[in-house]
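This report describes selected local features of one protein model. Please look at the structure first and then read on.

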Amino acid sequence: MAPSPFSWTSDAGKTPLKDILTEYIPQWPSGPHPFQVDATANLLNKTPTVLLAATSSGKTADFFCTLIVLQHLAKHPRPDIRPGSWPEKPVVLVVTPLVELGNNHAFGQRAVSLNATTLAKAAEEGRNLFSEIRLCEWTMVFLSAERLTSKDVDKILRDKHFQANLVMLGIDEAHVLVPWSLSFRKAYGNASQLRRRLPDHCTGAR
């Protein structure tokens, strides 16, 4: 009988997942919470995921967990875990209502908030932040719903190199999607149309 295909949600998947996250996130000396393991396992299986958890319990950290596991396996491949199934330079996009969120949860990643301040700072230094993101020089990119629908970001989303490395679109504080889209932040209403602009291998987390 042929062996069952590997799944991150199985015991054989969750065990190395927990070991990797515990090794790479010293802020978690006791390892990740069970809900973080379950959510990360689903995302690694490319299953769209909605995560509900208490405030300050570590929901946003799950955007980073998938990256950490993929980066580890790129450096230390394991034949029992789908070799070659991860991109060379994995990137996660996160739509967030608060600019500060992009600066507070790095977990060793190259994280950037795409906003007027960071764009101006990059320009002063002679850098093009849009080009850096397109070339996957930043592993975590936080941006607003309004910025997500801009021409500059649309150009990034259509870039073949960026598409090949984009592994997840996260929507932080997803409970604001509907009420805000009906009032003072209409751009949130476009979130449902975004999936068709993303590569098939890119999963979603909320």
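Is Phe64 buried or exposed? Phe64 is buried, at 0% relative accessibility; buried means under 20% relative accessible area, exposed over 50%, and partly exposed in between, with a 1.4 Å probe and protein chains only. The model is predicted, so local features need pLDDT of at least 70 and side-chain atom pairs count only at pLDDT 80 or more, while totals for chains, interfaces and linings use all residues. Residues are numbered from 1 along each chain as its sequence is written, and side-chain values use heavy atoms, without hydrogens and water.

**Aromatic pairs**

A pair of aromatic rings is described by the distance of the centres and the angle of the planes. Rings of Phe, Tyr and Trp (its six-membered ring) pair if their centres lie within 6.5 Å; planes under 30 degrees apart count as stacked, over 60 as edge-to-face and the rest as tilted. The count by this rule is 2 aromatic pairs.

| Pair | Centre to centre | Angle of planes | Type |
|---|---|---|---|
| Phe6 and Trp8 | 5.1 Å | 85 degrees | edge-to-face |
| Phe64 and Phe142 | 6.2 Å | 35 degrees | tilted |

Phe64 belongs to helix α3 (residues 61–75) and Phe142 to strand β3 (residues 140–143), so their pair ties together parts that are 78 residues apart in sequence. Helices (H or I, at least four residues) and strands (E, at least two) are DSSP runs, numbered from the N terminus. Phe142 is buried, with a relative accessible area of 1%. Phe6 and Trp8 are both buried as well.

Gln36 sits in helix α2 (residues 34–44) and is buried, at a relative accessible area of 1%. Apart from neighbours within four places in sequence, Gln36 is in contact (heavy atoms within 4.5 Å) with residues including Trp28, Ser57 and Asp62. A polar atom of the Gln36 side chain lies 2.8 Å from the backbone nitrogen of His33. This is a polar contact: a pair of N or O atoms within 3.5 Å where, within protein, one must be able to donate a hydrogen and the other to accept it, and residues adjacent in sequence count only if both atoms are side-chain atoms.

At helix α5 (residues 116–124), Asn115 caps the N-terminal end, with a side-chain oxygen 3.0 Å from the backbone nitrogen of Thr117. Just after α5, Gly126 has a positive phi of about 75 degrees.
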